[in-house]
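Welcome! The notes below are a short briefing to go with it.

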2 protein chains.
Amino acid sequence: MKVAPKQPSRNVEAIIRGIELAKKEGIELIVFPEMAVPGYLIGDLYDDESFIHDVESYTSDIVQATQGIAVAFGTLSTNQGKVNRDGRIRKYNSAVIAQDGELLRTVHKTLHPNYRYFDDSRYFHPSGELAREMGFELSNFLYPTKLNLEGKKVSVGFMLCEDMWQADYLDNPGKSLVKNGAEILVNLSCSPWGWRKNDKRHRVVKELLGDLGRPLIYVNNVGVQNNGKNIITFDGASTVYDSSGRVVLQATPWEEEVVVFDRALASLYGNNEELERPALDEHQELTEIYKSITLGLGEFFRGNNITRAVIGLSGGIDSAVVACLLEQALGAKNVYAINMPSKFNSQSTINAAEEVAKALGINYATLPITDSVELTAKELTYLKFERSEFQGELTSFMLENVQARDRGSRILAGLAAKLGGIFTNNGNKTEMSLGYSTLYGDVSGAIAPIGDLWKGQVYALARFLNNEVYRRDVIPGSIISGHPDFSIVPSAELSAEQNVDEGKGDPINYPYHDALLRELVEYRKNPETVLHSYIEGTLDETLRIPKGTVAGSFANAKEFVDDLEQKYHALQTSLFKRVQAPPVIVVSKSSFGYDFRESLGVADFTRKYIELKAEALK
Amino acid sequence: MKVAPKQPSRNVEAIIRGIELAKKEGIELIVFPEMAVPGYLIGDLYDDESFIHDVESYTSDIVQATQGIAVAFGTLSTNQGKVNRDGRIRKYNSAVIAQDGELLRTVHKTLHPNYRYFDDSRYFHPSGELAREMGFELSNFLYPTKLNLEGKKVSVGFMLCEDMWQADYLDNPGKSLVKNGAEILVNLSCSPWGWRKNDKRHRVVKELLGDLGRPLIYVNNVGVQNNGKNIITFDGASTVYDSSGRVVLQATPWEEEVVVFDRALASLYGNNEELERPALDEHQELTEIYKSITLGLGEFFRGNNITRAVIGLSGGIDSAVVACLLEQALGAKNVYAINMPSKFNSQSTINAAEEVAKALGINYATLPITDSVELTAKELTYLKFERSEFQGELTSFMLENVQARDRGSRILAGLAAKLGGIFTNNGNKTEMSLGYSTLYGDVSGAIAPIGDLWKGQVYALARFLNNEVYRRDVIPGSIISGHPDFSIVPSAELSAEQNVDEGKGDPINYPYHDALLRELVEYRKNPETVLHSYIEGTLDETLRIPKGTVAGSFANAKEFVDDLEQKYHALQTSLFKRVQAPPVIVVSKSSFGYDFRESLGVADFTRKYIELKAEALK
């Protein structure tokens, strides 16, 4: 099911429609995902008691619709007269189980994720605490629900999402449910898409069921939810596992779908044939990233009732890829591209921009920023302050940023308003990490479609778009690294120092820096471990990059250390830009925003790092 | 102690310096605050194992310095070979207790706050879970530490911050410690400033100690920490309570200070005279808000190694107040104010801006935006797209935003760069709530000093600055509501519709809307409860505003309901601006950022609201 966050009325309509459909099909039990009524990532709306009670009030509407069928759905429930540990009304992340118009059980989630963008402990009371309060051992408190299925009573153990990802917790809800008689397990989830997540899930379930010997039905939602800074996509892919953890049935990923399991439950015990799974290769990764971004983009526009997108099309790879993604999500007629050359832009990139626009059939315009930048430079240069001796100096670096802000805040923002649309931020994760971007310039935009992709991934997605989506070169080969026609290096083109016709580009060594920054951001490593690997001669391996990349990038240890320190510093100090950056569509294991939570300020180098540095520079 | 987040080397130096000083003074036990070594609000740096081990490595340095003295300090500790519930290395928020060069105990925090900007469960393993894993009841697991004090063994019960705010939790660490023999309790805290927080603390401690009959020493840090979106100040105010919860000794709030309790511990049992406390009146509230903001501002600039501030000075109340706060935090010579009039700015506000600058002695300049806005309007109007029939239209509303962006992104950002400084965001919380501001215009800036103050509070702070801080009218009376000279209404002055000389201003009824929005944002109420109070005729009371305000604001129920719905909608849809807004200095019980966590999208009105509306409009 597709869940609309914060819209219980729409979700309950969909649930009841699903129940009616299931009844017609003669289905005995239909299961909806975790938090199917309110949505899951709704932030502190969980603190709004009126909203909470409104959500709860829908439970009886759904229960009334269960004449002749068993239904389980995720919603929140409260405990009147009791408080959460924040003093607010006590809330549970619950599964409600009903049959024949009767509410049979409300089961609460036991294991609460508090990593990435999950804040379960902020909102929900865990069932373990409730058990303790009532004087129960948790393992006796979690027991299955008896449903009338296939003409007999079947004990079904319901649990929620994290409850089956129990390896790092002290409690194992699935085990308790089986100990207390569950013949079959059902997991209601709201589990975001992530590369290889489903593969990991299959492994986790296999291990769990290997111990428990029961079949499991996993139900997940599709759609898009967010926390303000991160746009998070859900790929559904609800799955039936047999008692040895083999995949017996799976819903089409990314699709809203009623999947019917139409064999006897008994068939789930024993030797089932396992469904084939997609290969975990780069092609599959790009396919999923492409689906996640286009779904996220489409929903973002629909959710804001906006149809038109404005994009600054520079002729570089980033904006070319975003233009394609917009065209896929919104249709060519809704995409308005504009090229805004200054005196530093080469004819090659201007041509590339126009080629992309033509190939995609999107609206296209050109507007040079020369006059305006000149006016700003003049005004800022000659401005004098009363009572002040210090007047400052306008350097060429500052003029680079004037150009970027002129494009972002003056033209793109004004144009988006004029067209009744929004404009995109075309930055990639490498730039975002280093702050290689201008606040109110290219940091601006309503959404960052590729803000969670490293530069190398942007190139890979460009190749995927040409080869798999369009099956022609909508993005010119001249700007795709790795393409035989590649001739235009990546460049911001904001000064003569970044002249692409002279092969001058960004001061970033993408193959190495992508991997370094991924290590620091996504793997949460410290310069200490990077330097340690460097000294050991194993850094290429550690960073998963081709052998020789590090050696080919630095002439000596001093160059390496200087670069490492400069990049670590840039990663931290550029947070002030990310604080003001738009939401990012999440495709990595750790995206900027409330997924990777940062604080302003620079951390000490560790004492071990300082020792290693002395050793390296000896 | 002032704690520098992410800088263990500096913090440990301060701790060891404190220990040496204490030894010289013949002190027997010195206590440092919670997380004194790494800082507390350091985000996902807690996931960086090298950093974590570096922090832990300092424990032995500190323990070595405890010859001849007992020391307790807050830091983090790990449990090698065990995992947190996120699969990462297991971490505890701990107090280390050492005496005479020996580490006596490491005590872990039991109660983990997960509200506001606190994410303890994201990072730390609770001691209750550890106890359970080891087969203990928590109440037997928490036991005091024996220290040699006053020539005998004294059992001291150490706990951390939330451990004493236990009312809403199932466990009571203080009670367990006393049950297990604690003669005196010590609480290491990292507890942010909040209006009336210390008063609440005194009440909480009084209730706790009333039950337990033991004295308590509360140690808190001073300084500023942040989570990227919120700048949070700490007011110290470490306190000694006697066994009935009376305040016997208190450190000067907001100051780093070694406070010496130099009476026998036995004196803490029995009847002590209670210290006088400041009155909880508006004057005290403004004093504390003023201290919190100037401290937060000062530390923000110092932390970023920036001395100069640029401010757009419009002649309105908001920027006038921010200019004063900057002058107080940085000194007049470091503040650069600029007035940027368009054809819509009245001479009265231009004069007011100049008056403020003169009164404060800050640098001042004027730069009209007429030429640039004209150029932008012309360019945007005549821009045509290839392949497009739809070209849009540039309305006067869009031109308002062009002006704001011209000021924010073109002039202020360029000027800040030229001067090597940063510019402030002068928005108040009322504007932020409604999105009555322009993205990349007045939403921009590096920090929002008054972003957590409602408009009415901004006026109150203006009066406080004139009357208490400057003791003269640095802010002209003509722009201070409530002042006898008040004549200039609050206005954005972006169009002829906002002409202050004709008495036309913002489309906001501040006395009512401040209170309405506070109800929705800070008290987490829903339009449903607001409408309910309106129907009952008790809304003035509910919103804590003068009787008659609501009746005087709306001619009939329809006007009221339309306004309520429009404001609730604006509050939600304007999140896209707040996502890109700078960090706010926190002074309320719920500030925008990661304190009040929001998600994009509009919530359903509750079904009860829809009923009430039908009733109201009948």
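In chain A, buried residues make up 57% of the 618 residues; a residue is buried if 20 or more other C-beta atoms, placed from the backbone, lie within 10 Å of its own. This is a predicted model, where local features need pLDDT of at least 70, side-chain atom pairs count only at pLDDT 80 or more, and totals for chains, interfaces and linings use all residues. Residues are numbered from 1 along each chain as its sequence is written, while chains are lettered from A and ligands numbered from 1 in the order in which they are written.

**Overall shape of chain A**
- The C-alpha trace of chain A spans about 85 × 60 × 60 Å along its principal axes.
- Chain A contains 21 helices and 17 strands, counted as DSSP runs (helices: H or I, at least four residues; strands: E, at least two).

**The nonpolar core**
- General background: nonpolar side chains tend to be buried together in soluble globular proteins.
- Here the largest nonpolar core has 359 residues, a core being a set of buried Ala, Val, Leu, Ile, Met, Phe, Trp, Tyr and Cys residues joined through C-beta atoms within 7 Å.
- A:Val321, A:Ala323, B:Val321 and B:Ala323 have the most contacts inside this core.

**Where the chains meet**
- 96 residues of chain B are in contact with 96 residues of chain A (contact: C-beta atoms, placed from the backbone, within 7 Å).
- On the side of chain B that touches chain A, helix H12 (residues 396-419) of chain B gives the most, with twelve residues.

Notes. Two residues are in contact if their C-beta atoms, placed from the backbone, lie within 7 Å. A residue is buried if 20 or more other C-beta atoms lie within 10 Å of its own, exposed if 12 or fewer, and partly exposed in between; C-beta atoms are placed from the backbone.
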